[in-house]
Amino acid sequence: MSQKLNFTLDNRLALCSDFVRCGARVADIGTDHAYLPVWLCRIGKCPSAIAADINHAPLQRGIDTINHYNMSDKITARLSSGLQNINADEADDIVIAGMGGELIAKIINDCSFAKDSSKHFILQPMTKSEVLIKWLCENGYEILKQDCCTASNKCYTVLLVKYCGKTEEKNEDFYYMGKLSPQTNETHLQFINNHIKRLLKKAKGDIHFGVIAEKLKEIIHND
């Protein structure tokens with residue numbers, strides 16, 4: 001008999017789970033404790049999942065969680081560098097959360113089936129979201145949805161993307177703003193304000209970052 005869940009997802013993982021389609025087979029890359037795939041399968045949103053990690057120790061933590069909740073019939077734990085050991089026919093929605101934007105871009109770039117437009121990628125960069133968004137635009141990926149949340153007193157963004165084949169060069173401020181609406185959403189505003197603070201610090205060494213910060217301020221205050 002399945003054991004009752006004794007954990008809830010924090011806001012960061014909960015937002016990732018919201019972006020997963022009902023009925024989708026999910027792959028969680030960098031799974032650590034495997035909380036997300038266990039949650040998705042236990043609430044019935046996903047019929048199956050792969051919990052993947054590049055390192056043995058976090059993968060073992062995931063295996064312990066899977067076994068604790070008797071979910072090994074639905075969730076497979078797998079040692080994998082990014083999506084290298086995952087086949088296209090095993091996952092519909094791929095969550096890549098809790099790592100830097102540059103690494104997320106590399107994982108997608110190295111994935112053999114990333115250009116299958118039926119696949120959805122749910123991306124949660126811990127740092128350098130602007131680098132990730134720039135890469136997505138330049139490599140034919142469309143941002144379907146973007147939102148923000150706060151967890152442990154930090155503000156995070158989550159992107160839902162898929163391959164569309166159309167490459168775009170955007171104004172630089174778009175790479176920081178994405179599809180957020182800071183004029184009407186307080187959490188989005190907090191996320192952009194954090195960008196502005198970082199840009200203003202970097203502007204002491206390069207005035208260009210100050211120009212971007214001022215552009216973002218202008219967008220924020222232009223209803």
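Colleague: At what angle do helix H4 and helix H5 pack?
Modeller: In this predicted model, H4 covers residues 101-109 and H5 covers residues 129-138. Their axes lie 7 Å apart, and the packing angle is about 30 degrees.

Colleague: Is H4 roughly parallel or roughly antiparallel to H5, and what is the hand of the crossing?
Modeller: Angles under 35 degrees count as roughly parallel, so H4 is roughly parallel to H5. The crossing of H4 past H5 is right-handed.

Colleague: Which residues of H5 meet H4, and how many residues of each class are in the contact?
Modeller: From H4 come Gly101, Glu102, Ile104, Ala105, Ile108 and Asn109; from H5 come Val131, Leu132, Trp135 and Leu136. By class, the contact of H4 with H5 has one charged, two polar and seven nonpolar residues.

Colleague: Why is H5 described as largely enclosed by the rest of the structure, and what covers its buried residues?
Modeller: Seven of the ten residues of H5 are buried, so H5 is largely enclosed. The buried residues are Ser129, Glu130, Leu132, Ile133, Trp135, Leu136 and Cys137. Their cover includes H4, strand S5 (120-125), strand S6 (141-151), strand S7 (154-163), H6 and helix H7 (186-202).

Colleague: Which residue with a positive phi follows H5?
Modeller: The phi of this residue is near 85 degrees. The residue is glycine 140.

Colleague: What distance separates the C-alpha atoms of tyrosine 176 and histidine 56?
Modeller: The two residues are 120 residues apart along the chain. Their C-alpha atoms are separated by 34 Å.

Colleague: Where is alanine 34, and what is its phi?
Modeller: Alanine 34 sits in the loop between strand S1 (26-29) and helix H2 (35-42). Alanine 34 is buried, with a relative accessible area of 0%. Most residues other than glycine have a negative phi. For alanine 34 the phi is positive, near 60 degrees.

Colleague: Asparagine 70 also has a positive phi; what is its relative accessible area?
Modeller: Asparagine 70 is in the loop between helix H3 (56-68) and strand S3 (75-79), and its phi is about 50 degrees. Asparagine 70 is partly exposed, with a relative accessible area of 42%.

Conventions
Residues are numbered from 1 along each chain as its sequence is written. This is a predicted model: local features need pLDDT of at least 70, side-chain atom pairs count only at pLDDT 80 or more; totals for chains, interfaces and linings use all residues. Side-chain values use heavy atoms; hydrogens and water are left out. Axes are lines fitted to C-alpha atoms, for helices over the stretch in contact, and angles run from 0 to 180 degrees between N-to-C directions. Helices (H or I, at least four residues) and strands (E, at least two) are DSSP runs, numbered from the N terminus. Angles under 35 degrees count as roughly parallel, over 145 as roughly antiparallel, 65 to 115 as roughly perpendicular and the rest as oblique. A crossing is left-handed if the near helix is turned anticlockwise from the far one by less than a right angle, and right-handed if clockwise. Contact means heavy atoms within 4.5 Å. Ala, Val, Leu, Ile, Met, Phe, Trp, Tyr, Cys and Pro count as nonpolar, Asp, Glu, Lys and Arg as charged, and the others, Gly among them, as polar. Buried means under 20% relative accessible area, exposed over 50%, partly exposed in between (1.4 Å probe, protein chains only).
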